[in-house]
Amino acid sequence: MSRTEIEDPSDDLSVTPPKTWATGLPAVTHALEYSLGQTSVRRTALTLLNINQPKGIDCPGCAWPEPAPGERHMNEYCENGAKHINDEATSRRVTRDFFHEHSIAELDTKSDYWLNQQGRLTEPMVKRPGATHYEPIGWDEAFGLLAEELKALASPDEALFYVSGRLSNEAAFLLQLFARAYGTNNLPDCSNMCHESSGFAMTETLGIGKGTVSLDDLHHSDLVFVVGQNPGTNHPRMLSALEETKRNGGRVIAVNTLPEAGLMRFKHPQKARGVIGRGTPIADQFLHIRAGGDLALFQALNRLLLEAEDAAPGTVLDHDFIQEHTIGSAEFAEHVRKVSWEHVLEATGLTREEIERVHAQVLKSKKIIVCWAMGLTQHKHGVPTIREVINFLLLRGNIGKPGAGACPVRGHSNVQGDRTMGVWEKMPQKFLDALEKEFGFTPPAHHGVDAVNGIHAMYEGRAKVFLGVAGNFVRATPDSAVTEEAMRKCRLTAHISTKLNRSHTVCGDTALILPTLGRSDKDFQNGVEQFITVEDSMSDVHASRGKLPPASPHLLSEVAIISRLAHRTLGDDPFIPWEQFEGDYGTIRDRISRVVPGFEDFNARVAKPGGFHLPNPASERVFRTPSGKAVFTSNEFTMPHVPEGHLLLQTLRSHDQWNTVWYAPNDRYRGIHNARRVVLVNPADLTELGIADRELVDLVSVWHDGKERRAEDFRVVAYPASRGSAAAYYPETNVLVPLDSVADFSNCPTSKGVVVRLERKEGSAAWDA
């Protein structure tokens, strides 16, 4: 389909029964159809045969790790990974003629789908003050314009440097170096909006904000919990790992507000049993939990473990581990014994029998892993919930031994690596001291702003320049109307991007689009081919090399853009050789090796196939907390309280979606076709609310300030969601998430816990589909 034929799909909802299995041949077919619709057979073959291979392209999608080099399949990718890489490798191009034809106001009316489908950006563009259209600008003038705005600010803290996942280790290190040499720690990133609760809780209890398990641990675990997570859509290659767990005799417990096809049965498309057979059942038990009830669940399990130890002293808990490696166990035990079953059952919506069945599986398992994602982190009590998960693991010594541990599953390639490289508004002083020693300047010590506080700063006029590297900030953030107004108040907004998105249409007085190479593009500097590196969810660091000619001769790499902008802004500095960094990425890795722990001898180690594994002290039972021990915590029991006539809404992705961009208006595993403005509600809840299946409603959320936020024209779909909850797709429902509705301690937006009412549209009625 040519770009001129692309139209915004209009909602024409049809509903089929939700799937009870995931992947198989349909996934292969859909992946190839989308890929070949974007580019040629040759380019598709180049990307798919090289993605996630030792000398190939790291998938720009999720951060799930690859098997060891000798154990990888020649097709080491999933449906979403194939779509994502070929969406980037598209043959469509956005040129200056496109921007001449379409005003910014017109582009702002287009959907995320339409904007993305226009293709790759090809040259720098600028919107000047008062202009209605973007126009071409040379790189030198663009850098000068941005540098002069930065230098004209009254304080470096009036600038924000935002990073999304996909940015390489090398570019991320340079960006934080630039920001700190400029004078600010304002480095918000996408982790602020998804896994910040994980990092806070794990750093507090284990001394490190990363997962403690490897892929091999997952394969050989006795029991794996998959909590608040949908691997079938968000990281499908995890299903291969869970299949291996099952084949090795392990068991899986799924905890979710929605039944998810991938957690029921997995048909591996690269194995005969997944093509002609029935595949592999994944979840041995499914807990259909109420939204926000996970804290109560793990408190109940912890109470049951303590009571089991009372009944059979010395047989349940790992007393040696608790005594040697932890603090706070007595206070924790006294606290959790007081949690009442009445409250637990109300919060979870489960029966005591269901929870005791899980407890029985726990008692039979010596090696346990808990995996989780945003279903836990994006609640007001997300941090206490994850603390309680850590308590659960500590009780039986399931930290720091093979087949056991904590596994927060990051949803975007190298989002973990960006944080390791220093992209965080609150990096510890030890990191800042290492920067000072290496580069000869004193980084600012005061903390910067995260994503939510960055929006406040722009809205209130305290931040005036926004530089976004990758991602789609406007659509990824909460409280859409407030975020958009905040961005439009800026003097200058600039985005380093591969493709067009909504953040380019919601812009400051002056706006820049700085087009960059993608993961799939070859990167030559001074005639020498370069490679970049990334870190996956399990702390493995490896190289990525593009295989396709760049989408335009006018593109620069992210490293080159950051280096040139930094040099233009800061001038010559004998201690920070920006030009050298641009010309040879190996010189950046040399500096990283002297600043970031675990990256010693970086260039030599990453040259080996498969790269290397970063040390994880907690996995060796070394806990870098103030006490030197893992910390049991006492977490106050809490649960969401929803007024009568309201539901607790969670925002989520459709299956045919990656982050804010959807590739088709379908969610075929959930049986939703040709529509995105739908809300999934339990049939019993609809009966109580007096709303019919397929009725048209507005979703209305109310915050403590009394202000209503409204998402209009959603079609209700009766769906097996947990009682009292509802689900709808983001970014369409981000408007409902108040900017001030954040998780305690971590400031993560509460996108899984939004109280809403369904307001019937006047004259609306149910209809057959």
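**Exercise 1. Glu 759 and its partners**

Glu 759 is partly exposed, with a relative accessible area of 26%. Work out which residue Glu 759 meets in a salt bridge and which network it belongs to.

*Solution.* A word on the setting first. This is a predicted model, where local features need pLDDT of at least 70 and side-chain atom pairs count only at pLDDT 80 or more, while totals for chains, interfaces and linings use all residues. Residues are numbered from 1 along each chain as its sequence is written, and side-chain values use heavy atoms, with hydrogens and water left out.

Step 1: Buried means under 20% relative accessible area, exposed over 50%, and partly exposed in between (1.4 Å probe, protein chains only). A salt bridge is a side-chain nitrogen of Lys or Arg within 4 Å of a carboxyl oxygen of Asp or Glu.

Step 2: find the partner. The side chain of Glu 759 meets that of Arg 757 in a salt bridge, 3.0 Å from N to O. Arg 757 is partly exposed, at 21%.

Step 3: follow shared partners. Salt bridges join Asp 698, Glu 708, Arg 710, Asp 713, Arg 757, Glu 759 and Lys 761 into one network.

**Exercise 2. Strand β8**

Why is strand β8 (residues 223-227) described as largely enclosed, and which strands pair with it?

*Solution.* Step 1: check burial. Five of the five residues of β8 are buried, so the strand is largely enclosed by the rest of the structure. Leu 223, Phe 225 and Val 227 cover one side, and Val 224 and Val 226 the other.

Step 1: find the neighbours. Two strands pair if DSSP finds at least two bridges between them. β8 pairs in the parallel sense with β9 (residues 251-256) over five bridges, and Leu 223 stands opposite Arg 251. β8 also pairs in the parallel sense with β14 (residues 368-372) over five bridges, with Val 224 opposite Ile 369.

**Exercise 3. Helices α14 and α20**

Describe how helix α14 (residues 294-311) and helix α20 (residues 382-395) cross.

*Solution.* Step 1: get the geometry. Axes are lines fitted to C-alpha atoms, for helices over the stretch in contact (heavy atoms within 4.5 Å), and angles run from 0 to 180 degrees between N-to-C directions. The two axes come within 9 Å and cross at roughly 25°.

Step 1: classify. That makes α14 roughly parallel to α20; angles under 35 degrees count as roughly parallel.

Step 2: list contacts. Among them, Leu 295, Phe 298 and Leu 305 are in α14, and Val 389 and Phe 392 are in α20.

Note on methods:
Helices (H or I, at least four residues) and strands (E, at least two) are DSSP runs, numbered from the N terminus. Angles under 35 degrees count as roughly parallel, over 145 as roughly antiparallel, 65 to 115 as roughly perpendicular and the rest as oblique.
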